[in-house]
Amino acid sequence: MNVVVIIFLLTGLFFFAIGVLGILRFPDFYSRLHAAGKSDSLAAVLMVIGVALYNLQEFNVGNLLVSIKIMLIAVFIYVASPTATHAITKAALVIGVVPWAKGKGRK
Amino acid sequence: MKAKFATFIIMLIFWVVMSGMFDAFHFSLGVLSCLLVAFFSSDLLFPEEGKPWLRELFGMLCYLPYLFWQIIVANLQVTYIVLHPRMLEKIDPHLFRFETTLKRPISKVAMAQSITLTPGTITINIHENQIAVYALTEEAAASLPGEMERRVAKALEIE
């Protein structure tokens, strides 16, 4: 059981790390948002599953309810994260942040 | 009336999960507040009385595994791009628009959220039937609307 939990947490951590690396490496505002807002969608869910499983090690009704609550965090992230990403992108487009185009090199 | 009852049941399940206490006092408090909420604001959850929302819920449940699979695949693609040593050659970000055949507002929103959730593409705007998308790579752009739109239509486009 512990091994499964550790695998979940590590894969989640890996995708978060990729997200951070993406923010540092991508050339412009919009593609950075890709990295920032997206790797969450998988990484956060993996970590939340890991934590919920860890909590379920001693199985009883109370622990089950806590695990369901933990999983609700994932549901919330799935609704909130794309909405926030969309709002930020639209705002940037409205005030006229210029997207990076191929061949411009690093800003 | 049916909508009010359904709201009550959903609220009650949520209450039980959240409180975790099953004694008479807490449970009756829950039933009371769920009744009040269901009575006053069931039209927030089910705006159009008489719509086949059960069928809608079922469609959505069938759609979720596909969405999750897409998220995993797309995440791996972005991981590959991020870790690629010559990343700037790999990406070709651009903005494009496409026409959607989806009619109902709820399915348009589901489509937009799915596009944003799958890495490589962000929905910027929906205007009438046009969805504006900012894509990170050529392949990510080419995959739209395609399969995802068909799945959303199957899940949520009910006459």
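How close do the axes of α3(A) and α5(B) come, and at what angle do they cross? They come within 9 Å and cross at roughly 85 degrees. The model is predicted: local features need pLDDT of at least 70, side-chain atom pairs count only at pLDDT 80 or more, and totals for chains, interfaces and linings use all residues. Residues are numbered from 1 along each chain as its sequence is written, and chains are lettered from A and ligands numbered from 1 in the order in which they are written.

View 1. α3(A) and α5(B) are roughly perpendicular to each other. Angles of 65 to 115 degrees count as roughly perpendicular, those under 35 as roughly parallel, those over 145 as roughly antiparallel, and the rest as oblique. Axes are lines fitted to C-alpha atoms, for helices over the stretch in contact, and angles run from 0 to 180 degrees between N-to-C directions. On α3(A) the contact is made by Tyr78(A), Pro82(A), Thr85(A) and His86(A), and on α5(B) by Gln113(B), Thr116(B) and Leu117(B). Two residues are in contact if their C-beta atoms, placed from the backbone, lie within 7 Å. The residues of this contact divide into three nonpolar, four polar and no charged. Here Ala, Val, Leu, Ile, Met, Phe, Trp, Tyr, Cys and Pro count as nonpolar, Asp, Glu, Lys and Arg as charged, and the others, Gly among them, as polar.

**View 2. The elements of chain B.** Chain B has seven helices and three strands. Both are DSSP runs numbered from the N terminus, helices being H or I with at least four residues and strands E with at least two. From the N terminus on, the order is α-α-α-α-β-α-β-β-α-α. Of the 159 residues in chain B, 29% are buried. A residue is buried if 20 or more other C-beta atoms lie within 10 Å of its own, exposed if 12 or fewer, and partly exposed in between, with C-beta atoms placed from the backbone.

**View 3. The open sheet of chain B.** Three strands with antiparallel pairing form this sheet, in the order β1-β3-β2. Two strands pair if DSSP finds at least two bridges between them. The edge strands, each pairing on one side only, are β1 (94-99) and β2 (121-127) of chain B. From one strand to the next the twist averages 25 degrees. β1(B) and β3(B) pair over six bridges; along this pair His94(B) stands opposite Ala135(B), and Phe96(B) stands opposite Val133(B). None of the six residues of β1(B) is buried, so β1(B) lies largely in the open.

View 4. Six bridges join β2(B) to β3(B) (residues 130-135), and the two strands run antiparallel. Ile126(B) stands opposite Ile131(B), and the bridge partner of His127(B) is Gln130(B). The hairpin has two residues between the strands, and Glu128(B) takes a positive phi near 50 degrees.

**View 5. Helices against the sheet.** Helix α3 (residues 61-94) of chain A lies across β2 and β3 of chain B, at about 70 degrees to β2(B). Helix α5 (residues 105-117) of chain B also packs on the sheet and touches β2 and β3 of chain B. The direction of α5(B) makes about 155 degrees with that of β2(B).

**View 6. Where the chains meet.** Chain B gives 25 residues to the contact and chain A gives 29 residues. On the side of chain B that touches chain A, the elements giving two or more residues are α3 (53-83), α4 (87-90), α5 and β2 of chain B. Among these α3(B) gives the most, with six residues. This side of chain B divides into 16 nonpolar, eight polar and one charged.

**View 7. The largest nonpolar core.** This core has 36 residues, and those with the most contacts inside it are Leu46(A) and Val133(B). A nonpolar core is a set of buried Ala, Val, Leu, Ile, Met, Phe, Trp, Tyr and Cys residues joined through C-beta atoms within 7 Å. The largest share, twelve residues, comes from α2(A). Leaving aside neighbours within four places in sequence, Leu46(A) is in contact with Phe8(A), Thr11(A), Gly12(A) and Phe15(A).
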